[in-house]
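Visitor: I would like to learn how to read helix packing, interfaces and cores in a model. Please walk me through one.

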Amino acid sequence: MIMTQDELGGERDSFAQLVRRHHANILWLCASLLGDRTLADDAAQEIFLKAYQSLGSFKGSSSFSSWLYRIASNHCLDLLRRKTREKTQSLDALLENNSLALERLIQAAPDAALSTENADLLERVLSSLAPEYRLILTLREISGLNYEELAQTLDCSLDAVKGRLKRARRQLEEILRHLSKSGNV
Amino acid sequence: MDQEQRWEWIVKIFFRKPAKPSRAQTELFVQAVMGRIQAPITTLSAPIPCAARMVERWLIPALGAGAAAFFLHIAQPHPEWVAPLDDLVLMEGRTGELILPPDPGDHLLAFVMEER
């Protein structure tokens with residue numbers, strides 16, 4: 001959908017329309033990255049507020065959704081980095097205490113309903129990923145951004161996007177390989 | 001299961017799409033965001049407009065000049081006050097009592113006046 005000038009100018013009614021249109025996508029991104037619905041809701045509000053304040057800087061060189069995703073990514077990345085600094089349990093401790101549960105989870109059907117404990121376990125594994133890797137994987141796998149959109153959102157080249165996706169995938173596979181070794185002991 | 005199939009399996013487990021918000025939830029969210037955008041910004045303001053201008057224009061420079069003068073004053077070396085010799089001699093109502101011991105090297109002052 002083409003942006004109209006009054007939307008770019010920050011007219012409140014038009015901005016409310018933008019919020020309605022993009023709410024689900026931004027909330028999905030925040031919920032997937034932050035692992036907590038309340039935090040995600042607060043973060044999503046902050047993101048739209050930042051977008052409103054920065055409307056004047058949107059030049060149209062990228063799509064509006066890519067621009068909005070960029071604001072959302074930067075905001076969530078800040079929160080993830082803060083969360084990483086506060087993290088107390090190491091990955092080894094996590095795997096030692098939960099390796100069997102994780103192994104069962106991975107072998108179960110992917111669309112099976114998740115219990116609270118299993119959801120928490122998945123969140124803790126994802127938290128052990130570097131924030132930048134978790135972000136790009138989430139943008140790719142949950143938000144469904146293609147390489148071009150990822151490059152616009154992350155403000156980097158296509159090659160950089162592909163390289164970062166490769167490293168992110170490798171890190172997650174490494175974590176799960178470590179898990180399977182622990183499970184076999 | 002090959003590597004690509006395994007990765008797809010991992011993605012389905014770890015990157016599940018959260019539940020889509022309902023229309024009502026979205027409307028509540030929109031109201032919350034627009035409410036924050038429309039919230040008035042509180043600022044300190046002087047009751048009289050010209051007083052505000054005076055404060056802005058003169059107060060800070062005046063405070064700065066005053067602080068500079070104060071610090072310059074206390075930073076200046078103050079010579080130690082030395083009591084005149086006559087005062088010392090006249091101290092305690094006794095004339096002629098030399099408070100300070102005579103400097104042996106000073107022949108003019110090396111005397112003790114008798115009390116009267």
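**Reading the packing**

Guide: Start with a helix pair across the two chains: α2(A) and α2(B) pack at an angle of about 140°, and their axes are 10 Å apart. This is a predicted model, in which local features need pLDDT of at least 70, side-chain atom pairs count only at pLDDT 80 or more, and totals for chains, interfaces and linings use all residues. Residues are numbered from 1 along each chain as its sequence is written, while chains are lettered from A and ligands numbered from 1 in the order in which they are written.

Visitor: Is the crossing of α2(A) and α2(B) left-handed or right-handed?

Guide: Right-handed. A crossing is left-handed if the near helix is turned anticlockwise from the far one by less than a right angle, and right-handed if clockwise.

Visitor: Which residues make the contact of α2(A) with α2(B)?

Guide: Two residues are in contact if their C-beta atoms, placed from the backbone, lie within 7 Å. α2(A) supplies A:Arg12, A:Ala16, A:Val19, A:Arg20 and A:His23. From α2(B) come B:Thr26, B:Phe29, B:Val30, B:Val33, B:Met34 and B:Ile37. By class, this contact has seven nonpolar, two polar and two charged residues. (Ala, Val, Leu, Ile, Met, Phe, Trp, Tyr, Cys and Pro count as nonpolar, Asp, Glu, Lys and Arg as charged, and the others, Gly among them, as polar.)

Visitor: How many residues of chain A and chain B are in contact overall?

Guide: On chain A, 26 residues are in contact with 20 residues of chain B. α2(A) gives the largest share of chain A's side, ten residues. That side divides into 18 nonpolar, four polar and four charged residues.

Visitor: At what angle do α2(A) and α3(A) pack?

Guide: About 135°, with axes 8 Å apart. The pair is therefore oblique. The crossing of α2(A) and α3(A) is right-handed. Among the contact residues are A:Phe15 and A:Leu34 of α2(A), and A:Arg37 and A:Tyr52 of α3(A). The contact divides into 14 nonpolar, no polar and one charged.

Visitor: Which residues touch the most other members of the largest nonpolar core?

Guide: A residue is buried if 20 or more other C-beta atoms lie within 10 Å of its own, exposed if 12 or fewer, and partly exposed in between; C-beta atoms are placed from the backbone. A nonpolar core is a set of buried Ala, Val, Leu, Ile, Met, Phe, Trp, Tyr and Cys residues joined through C-beta atoms within 7 Å. The largest has 38 residues; A:Ile26, A:Leu29, A:Cys30, A:Ala44, A:Ile47, A:Ala72 and A:Cys76 touch the most other members. α2(A) gives the most to this core, with eleven residues.

Visitor: Where is A:Ser62 found?

Guide: In the loop between α3 and α4 of chain A. A:Ser62 has 18 other C-beta atoms within 10 Å, so it is partly exposed.

Key: Helix = DSSP H or I, 4+ residues; strand = E, 2+ residues; numbered from the N terminus. Axes fitted to C-alpha atoms, helices over the stretch in contact; angles between N-to-C directions. Parallel < 35°, antiparallel > 145°, perpendicular 65-115°, else oblique.
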